[in-house]
Amino acid sequence: MLTVRAPATSANLGSGFDVFGVALGTPADVIRVERAPETRITVTGAGSQYIPEDPDQNTVGAVADALDAPAHIKIDKGIRPSSGLGSSAASAAGAAVALNALYDRGLSREELVPIAAKGEAIVSGEAHADNVAPSILGGFTIVTDDGVTQVDTSISVVACLPETTVSTRDARGVVPGSASLDDVVTTVGNASTLTVGMTRDDPDLVGRGMNDSIVTPQRTALIDGYDRVHEAALEAGATGVTVSGAGPGVLAVCHDRDQNAIAGAMIDAFDSVDIESRAYQTHVSEGARLYPDRS
Ligand code: HSE
């Protein structure tokens, strides 16, 4: 039996739609695998009642198929599905790392990214690697058709998760089919600023580079209370605030000293529209961690 802790992630970061992602220190899924003649999946934990255990319908089943690694896979969900915190991606990433080790496949972490992304296609209809990449590699990741670039950073963040849900399919349905040149130019500038901020561990630069006028405004409309939460987090000291992944989670980047105040302000703002929420005060952190076989 091998165990992997696979972290939640936040994709897009505003200006990096379908490109940027970060690994979060918490929450995380825990995946345990043991060899079996056929793949069998059991799911416990946050939102497990909504996750199919049929290997043909679970992100993890596709990963086991791709690695030709049948196993009994136990998923303990710390990350609620449809949260915008890369729930399905963490399970897929954790399974990829675990099964690669269990069957001595010898693939590098980078090589596991497209394999874990196959699992994402089951949930969203398209294979996105912007959540699985940071969950496997840790830090800040940039995913393009040419591969993944990774930067270690430990920027301070607050991820606030309302009790509401937004499906990735619905959130993709509101993405515009085209953008004006002005918006593209602004977004390239912001994304570049954000990237430099990550390399310098500078929350002010990262926050300044998070603005996006192409996709994010369409998605905030799907999240009740978003505008209040956004404003409250900025007033409490956040350097940047945006939708986490496809939502409804909201990500604030900040200095360590402001984490508590921002978490409280975001929870109070959701509360003001009668929505319960919880806030993870954390940092951009390491990728999936493999624990040795104790059996
Ligand atoms: N980049 C993706 C999106 C992440 O925002 O739709 C969720 O799969």
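Select helix α1, residues 59-66. Helices here are DSSP runs of H or I with at least four residues, strands are E runs of at least two, and both are numbered from the N terminus. Helix α1 is mostly covered, with 6 of its 8 residues buried. Buried means under 20% relative accessible area, exposed means over 50%, and partly exposed is in between (1.4 Å probe, protein chains only). Color T59, V60, G61, A62, V63 and A64: these are the buried ones.

This is a predicted model, where local features need pLDDT of at least 70, side-chain atom pairs count only at pLDDT 80 or more, and totals for chains, interfaces and linings use all residues. Residues are numbered from 1 along each chain as its sequence is written, and side-chain values use heavy atoms, with hydrogens and water left out.

Stay at the start of α1. Show N58: one of its side-chain oxygens comes within 2.8 Å of the backbone nitrogen of V60. Now go just past α1 to D68, which has a positive phi of about 45°.

Next, pick strand β4, residues 71-77, and find H72 in it. Is H72 buried or exposed? H72 counts as buried because its relative accessibility is 10%.

Move to the loop between β4 and α2 (87-102) and select S82. S82 is partly exposed, since its relative accessible area is 33%. An unreviewed UniProt entry lists S82 under "binding site", along with others including R80, G84 and A90. UniProt positions follow the numbering used here, feature names are shortened, and annotations may be inferred rather than shown by experiment.

Now select residues 200-269, listed in UniProt (unreviewed entry) as "domain: GHMP kinase C-terminal". Over this range the chain is 46% helix and 13% strand. The end C-alpha atoms lie 31 Å apart.

Finish with strands β8 (residues 240-243) and β9 (residues 250-254), which run antiparallel and are joined by 4 bridges. Strands pair if DSSP finds at least two bridges between them. Which residue of β9 is the bridge partner of V241? Select A252. The two strands, β8 and β9, form a hairpin with 6 residues between them. In the turn, G245 has a positive phi of about 55°.

Terms used. Polar contact = N/O pair within 3.5 Å; in protein donor to acceptor, adjacent residues only side chain to side chain.
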